[in-house]
Structures are given as C-alpha cells and as structure tokens.
Amino acid sequence: VPTSIVDGYAVCSSDGPGEYPLIPTPSRAGGAAASAMSKGSVCYVTTGGPVPEGADAVVMVEDSEKLQDGRVRINKAAQPRGMIREIGSDIEIGEKVLSSGDIIGPAEIGLLATVGAIQAKVSPQPVVAILSTGDELAEPDDQGPLRPGVVRDSNRAMLIAACAAEGTRTLDMGIAKDTAEALEERFDAAIAQGADILVTSGGVSMGDRDLVKPLLQRRGVIHYGRVLMKPGKPLTCATIETPDREGKPRLLVFGLPGNPVSSMVTFHLVVNPCIRKLKGYADPHLRRVRCLTSSPMKLDPERPEYHRVMLKWDDASGGFVGMSTGGQRSSRLMSMRSANALL
C-alpha cells in the first residue's frame, strides 16, 4: 500500500489549508491502515504508516497545528500525492537490485536484507603473499645501529597494508636473503600456504644478486620482465603452475622493484587491478579523472612517468587540481605520503 514519507496528517489535497476534524484512529507504521477518510477531515499518520483510503497527500507535522478542540489546523497546501511513498517507488517488481560483479558494501548488504536474500554467492578473498628480498634489509623493529648499507624493510609493511585496504587476506613471507635457496624456500612456503598471488619486492633488476627472475624462468613462465614506465621499469609478471593444489592450479607472481616508491606505484597500477579481478569486480581498473596541475611538471621524455600528486577539488576552475608531492626519486617514500593520485 502507499505509505507516508513523514510524520504528519493524511489529507485531501483539494481541501487546502484550514481547520479540520481529526479521525480518531491513527495510521502507524507496521499496522493496518486507518479507516477510509472523506474530504474535510484529516488522519494522523506516522512515517511508514499506510495512507488511508480517500487521502491523496500528507502534510508534515511541522506544517500543522493540533488545536484544543481535537481539530487540526493545516497551514500549508499539499500537492496531490505529496509526501506519499508509492507502491514500487523504492524497488519495482522484477527490478534487479544487484548484478554479478557489484561490490558488496553497506548499502548492498541493506538491499539484500530488504529483499530477504540472507545469502549471496560472492568471490572469495584472494590470498596475497608478500615477500621482501635483499641482504641489505633489516626488520622494521631493529632498533640497534644499522650496519652501513642496511635499511629497514618498508616495502613489506607497506604492501601488506595496501592489500588489507583492498580487502585481501595476506601472508607475511618475511625477508629472503639474496640466495637462490632462500628465495626457493619462500616461494614454496607461499604455495603451500595457499597464496593466489605472490608479490615480491627487489631482485628483479639487472644485478648479479637479482635472483627473482632466474627463479621464475626456471619454475614458471615470465609474461613480461621490463616495462616502459617510470618508476617501475624492472616490473615482472610470471605464473608458476601448481597442479597439486586443489582449486588453485597456478600462482601469479608479481616481481616489484625494490625502491619503495617504485614498489607502491607498480602495486597500484598492476597488482591492485589484478586483485580486484580475482575478487570479481565488473570493472577492476582504477578510477581516472582529468585535472589541471598547480605548477609546471617536468616529466621523463622517454618513459611514461607517473608523478605523485595530491589531488584536490578547485571551486574556481570547477575541476580537480594536482599538486606535486615534491622530489620524485623512486627511493623517496615521502613523495607517497600525501599523494592520492598518479598523474
């Protein structure tokens, strides 16, 4: 039945403002509709209460006044069908409320509850293993004086946080030393623990201690190993067949560069859409918008460069404006601190 959108009085819109008798039985949400009313009378109705037969509008309580003699003064004219929630105005019969590939958020949960769908088939959370590589890395909680050339491992914590923000289950595979045996052991552990994706950082460039690519060549198929982009040129993507794992016939491996900014940029541009694809997103790509720049920015003339910017809405121009986060060296993680976009 049609219901009231507000707390107020059901009226005949043609009556207009004036004083009217109040029929004794109110119409309340969850209850039966009040008796049919006729012109020249009003009926109290709560939000969600059925609109009595004979009424064609509702006037809000704020636009009325209850008088001492039990009558009600209507102070504002009502429009026909005003403040009435019509049958099917929220969800029509046969209307599709969700489609395959839709993201299930709070509103979607509410829609499922509304239509009585207490279960829904969803894509499982991908399991992402995160591995740092390099003899130069120390754990972040290492508080002692670091040896010359040693740095705390920022990539692993950062990538785990990025995966968590995307709603995945993560496996912390620690730090692997620059030996083939150490890498092989961590790869095997990621496979054994059910990883869908293994994300490594470091070990994919051209040095004699960059051992991730040789391992991938030996155990799987490298789909690409150098990309025309800045930062992130050594980015590598490979697959390793794992036929013994039920439901997980292969491991997808992304070898990210070791510099922290390169690692994060390539994660957002390449790994993140892949995670979303595995989660069942209809459109896994990152959002793109047009923007102006707040100042001239010199970009690499040979490789497409992804400049870290802080994107803000500008009322004067009626669009987004991107402000550089400063020095763009791939080792300078400060350039990612306030960035919310890649230009």
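Trainee: Which residues does T200 touch, not counting residues up to four places away in sequence?

Mentor: In this predicted model, T200 touches L131, F187, V212, F254, G255 and L256. Each of these contacts rests on heavy atoms within 4.5 Å. T200 is found in strand β13.

Trainee: What makes T200 count as buried or exposed?

Mentor: Set the value against the cut-off. Buried means under 20% relative accessible area. T200 has 0%, so T200 is buried.

Trainee: Where is L159, and is L159 buried or exposed?

Mentor: L159 is in helix α2. Its relative accessibility is 0%, so L159 counts as buried. Leaving aside neighbours within four places in sequence, L159 is in contact with I130, V199, S201, L256, S263, M264 and F267.

Trainee: How far apart are L159 and F267 in sequence and in space?

Mentor: They are 108 residues apart in sequence. In space, the C-alpha to C-alpha distance is 7.8 Å.

Trainee: What makes a group of residues a nonpolar core?

Mentor: Its members are buried nonpolar residues, joined through side-chain atoms within 4.5 Å. The largest nonpolar core here has 22 residues. Those with the most contacts inside this core are I197, V199, F254, L256 and F267.

Trainee: Which elements each supply at least two residues of this core?

Mentor: They are β9, α2, β13, β16 and α5. The largest share, 7 residues, comes from α5. A second, separate core has 20 residues, including A129, L171, L183 and L251.

Trainee: Which residues is V199 in contact with, leaving aside neighbours within four places in sequence?

Mentor: V199 is in contact with V128, A129, I130, L131, L159, F254, L256 and V271. In general, nonpolar side chains tend to be buried together in soluble globular proteins.

Trainee: How many bridges join β15 to β14, and how many join β15 to β16?

Mentor: There are 3 bridges between β14 and β15, which run antiparallel. Two strands pair if there are at least two bridges, so β14 and β15 pass. Between β15 and β16 there are 6 bridges, again antiparallel. V221 stands opposite T239 in β15. I240 stands opposite L251 in β16.

Trainee: How many aromatic pairs are there?

Mentor: The count comes to 2 aromatic pairs.

Trainee: Why is the pair of Y9 and Y44 called edge-to-face?

Mentor: Two checks. Ring centres must lie within 6.5 Å, and planes over 60 degrees apart count as edge-to-face. For Y9 and Y44 the centres are 5.6 Å apart and the planes are at 65°, so this pair is edge-to-face. The pair links distant parts of the chain: Y9 is in β2 and Y44 is in β4, 35 residues apart.

Trainee: Are Y9 and Y44 buried, partly exposed or exposed?

Mentor: Y9 has 6% relative accessibility, so Y9 counts as buried. Y44 has a relative accessible area of 25%, so Y44 is partly exposed.

Trainee: What kind of pair do W313 and F320 make?

Mentor: Their centres are 5.2 Å apart and their planes are at 90°, so W313 and F320 are edge-to-face. F320 is at 29% relative accessibility, so F320 counts as partly exposed.

Trainee: What is the volume of the largest pocket, and which residues lie nearest its centre?

Mentor: The volume is about 990 Å³. The pocket is lined by 22 residues, and L286, R287, R288, A341 and L342 lie nearest its centre. The largest share of the lining, 5 residues, comes from α5.

Trainee: N272 is found in helix α5. How do you know whether N272 is buried or exposed?

Mentor: Its relative accessibility is 6%, so N272 counts as buried. Leaving aside neighbours within four places in sequence, N272 is in contact with E166, F267 and L286.

Trainee: Why do β17 and β20 stand at the edges of their sheet?

Mentor: The open sheet has 4 strands in the order β17-β19-β18-β20, with mixed pairing. β17 and β20 each have a single partner strand, so one side of each is left without a neighbour in the sheet. β18 and β20 are joined by 2 bridges and run antiparallel. In β20, A341 is the bridge partner of V309.

Methods:
Residues are numbered from 1 along each chain as its sequence is written. This is a predicted model: local features need pLDDT of at least 70, side-chain atom pairs count only at pLDDT 80 or more; totals for chains, interfaces and linings use all residues. Side-chain values use heavy atoms; hydrogens and water are left out. Rings of Phe, Tyr and Trp (its six-membered ring) pair if their centres lie within 6.5 Å; planes under 30 degrees apart count as stacked, over 60 as edge-to-face and the rest as tilted. Buried means under 20% relative accessible area, exposed over 50%, partly exposed in between (1.4 Å probe, protein chains only). On a 1 Å grid over the protein atoms alone, a cavity is a set of points where a 1.4 Å probe fits but cannot get out, and a pocket is an open set with protein on both sides within 12 Å along at least five of seven lines; lining residues have an atom within 4 Å of a point. Grid points are joined across faces, edges and corners, and a volume is the space filled by probe spheres set on the points.
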